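Please read it alongside the sequence and the model.

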Amino acid sequence: MTNGELKKFSTVQLLNFCLGFFGLQFAWQMRIILSGPVTESLGASPFIFGIIWLAGPVTGMVVQPLIGALSDTTETRFGRRIPYLFVGALIGALSLILFPYSGKIASFLGSDLPTWTGLFIAAIFIWFIDAANNAAQGPYRALIPDNIPQEQHAVANSYLSFAIGLGSVAAAGVAPLLRAFGIQMSTNAQFLMAGLAFILAITWTCLTIKERKIEKVATDNKTEQKSFIENLKEFFSISPEVAKICCMQFFAWIGLMSLMIFFTQYVIHVLYQVPDLTVIDASYKEQFNQLVLDGQNFSQICFAVFNLICFVIAIPIGKLAEKFGNVKVHFVAVLSMAVSYLIMAFFPTKIATLVAMSLAGIGWASVLALPFAMLSKYIKPGTEGAMMGIFNIFIAAPQVFVCTLLAWFISKSTYMLNGMQNNHWEYAFLVGAVMLVLTAVATLFVKENAKVE
C-alpha cells in the first residue's frame, strides 16, 4: 500500500497472481476428462458415475461459501486466505495422485473385501478432489478485493479467466501432444501431472502473494445482516427480468453438464465402440485397453479444441454483445451449441465430433460471460456476494438433475454391440440440445432495457 491506498498491479504481477488458478483449473479439467474411464474400470455404471459426479455441485453449494466465510474471519501469521489455499491444494493434489490407484488400494486393504470397495474408494477421492478445489477457489477469488485496487478488479478477473482457459487447454492437450511424438502417457501419469500442477502452482501463489492486513472495525452489523430467505426475496423482487435470467441459466447448465460429464464416455463407447466394461467378463476387458486409451486421447484433443475456441472467442463475444446486445448474441451462441450436440448425436464420427466441439466452444464462451453481464445491472452495490451466491444455485442445481435423472436414463438405455452390451451415451446430447433450445427461447424473453426497481 502507498499512503493508505492499494498499489496497482503491473501486468507481470497480474500474470503471477493468476498462476495458481492455472494449476487449479489444470487439475479440475483432468478430473472432468479422465474420471469416467477410471470409475468405469472399477464397475461404475452410467448411473453410479452420475451419482459420484454429485460431488461437484454439492461441494460447490456447501464448501465454497462456507470456506469463503471462514476465511473472512481467520487470522494467522500467513494471512486469512493463504492457509485455505494451501491446505485445499494439498488435499486436492494427494487425492488426484491416489485416485487412479483406488483399485490397488482396495486390494492392499484385503482380498476379502467386497468387489465394490475400489469404486467406493475412488468415489471418496473424487469428493475430496471437488471439495478441495472449491475450498481453494473461494479464498482465491477473495484475494482480488483484498489486495488489488477496485479499478483493477475487472482486469484481475479477466486474468483469472485467461488462466482458466489456458489451464483447460494445457490439461487436455499434453497427453495428445506427447502421443504425436510417440509417447503414451498412462492415466496414472496424467493424474500425477495434475496433482503436481495443482500443488506447485498454488504453493507459488502462497509464497509470492502477500495479503493485505485488514483492520478490524468495531461496528454493530446486526441490523444489516439478512437471512438467506430475505436475500432470496430481495433477489427476485429487484426486477421480473432476474427470474427470466435464472430460468435461462438453469436450462443452459443442464445442457452444458450433459457434455462435461458424459463426453469422454461418449467418445470411448460410441466413437470407438468399446462395450460396457462393467458387465463383461474380466478376461475380455484387457483387449479393449488400447481402444480406451485411444478414446481418452481423442476426448482430450476435443476438449482442448473446445476450450481453445472458448478462450479465443471470449473477447470477441463481449465486443459483439456491446454492439448487438447480450440477448441477441447469447441466443445465437447457445443455438450454435445445440446444433453441435445434434451433430454428435446423429453423426458419430471423429471428424464430425471435432467440428461439433469447436462449435460448442462458442456457446461455452457465451454462457461463461453474458448471463452475468445481463444480471449485473440488477445487483445493488454491497450485495454482490449474496446475490451471486443465489445465482450460483441456478448453476449447481441443474448439475444435480444431470447427475441423477439423465445418468439413470442413459444407464437404462442399452443395446447390443458386436454381441456385447453398450449404452446410448449419445442420448446425453439429445437431452442437452433440447435444454439449449429452451435456453435460447428463454433468452428472447429477457428485456435488456428493463428498468431496475
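**Helix packing and local geometry**

Helix H13 and helix H15 (residues 350-376) pack at an angle of about 40 degrees, with their axes 6 Å apart, where axes are lines fitted to C-alpha atoms, for helices over the stretch in contact, and angles run from 0 to 180 degrees between N-to-C directions. That angle makes H13 oblique to H15, given that angles under 35 degrees count as roughly parallel, over 145 as roughly antiparallel, 65 to 115 as roughly perpendicular and the rest as oblique. The model is predicted, so local features need pLDDT of at least 70 and side-chain atom pairs count only at pLDDT 80 or more, while totals for chains, interfaces and linings use all residues. Residues are numbered from 1 along each chain as its sequence is written, and side-chain values use heavy atoms, with hydrogens and water left out. Helices (H or I, at least four residues) and strands (E, at least two) are DSSP runs, numbered from the N terminus.

- H13 passes H15 in a right-handed crossing; a crossing is right-handed if the near helix is turned clockwise from the far one by less than a right angle, and left-handed if anticlockwise.
- By class, the contact of H13 with H15 has 20 nonpolar, five polar and one charged residues, where Ala, Val, Leu, Ile, Met, Phe, Trp, Tyr, Cys and Pro count as nonpolar, Asp, Glu, Lys and Arg as charged, and the others, Gly among them, as polar.
- Helix H2 (residues 19-41) packs with helix H13 (residues 289-324) at an angle of about 155 degrees, their axes lying 11 Å apart, which makes H2 roughly antiparallel to H13.
- The crossing of H2 and H13 is right-handed, and the contact (heavy atoms within 4.5 Å) is made by Gln29, Met30, Ile32, Ile33, Leu34 and Pro37 of H2 together with Val292, Gln296, Ser299, Gln300, Phe303 and Asn307 of H13.

- Helix H5 (residues 82-98) has 17 residues and reaches 24 Å from its first C-alpha to its last, close to the 24 Å expected at 1.5 Å a residue; the expected span is 1.5 Å times one less than the number of residues.
- In H5 the buried residues are Ile82, Leu85, Gly88, Ala89, Gly92, Ala93, Ser95 and Leu96, where buried means under 20% relative accessible area, exposed over 50% and partly exposed in between (1.4 Å probe, protein chains only).
- These buried residues of H5 pack against H2, H7 and helix H9 (187-208).
- Leu90, also found in helix H5, counts as partly exposed because its relative accessibility is 37%.
- Leu90 and Ala132 are 42 residues apart in sequence, and their C-alpha atoms are 8.2 Å apart in space.
- Helix H17 (residues 427-444) has 18 residues and spans 26 Å from its first C-alpha to its last, close to the 26 Å expected at 1.5 Å a residue.
- Among the buried residues of H17 are Phe429, Met435 and Leu436, as well as Gly432, Thr439 and Thr443.

- Thr117 has its place in helix H7 (residues 117-147) and counts as buried because its relative accessibility is 11%.
- Thr117 and Pro139 are 22 residues apart in sequence and 34 Å apart in space, C-alpha to C-alpha.
- Ser340 lies in helix H14 (residues 326-346) and, at 0% relative accessibility, counts as buried.
- Ser340 touches Ala356, Leu359 and Ala360, not counting residues up to four places away in sequence.
- Between Ser340 and Ser161 there are 179 residues of separation in sequence and 24 Å in space, C-alpha to C-alpha.

**Loop residues with positive phi**

- Gln273, in the loop between helix H11 (240-271) and helix H12 (282-285), has a phi near 55 degrees, a positive value in a residue other than glycine.
- At 44% relative accessibility, Gln273 counts as partly exposed.
- Asn418, in the loop between strand E1 (414-417) and strand E2 (420-423), has a positive phi of about 50 degrees although it is not a glycine.
- At 65% relative accessibility, Asn418 counts as exposed.
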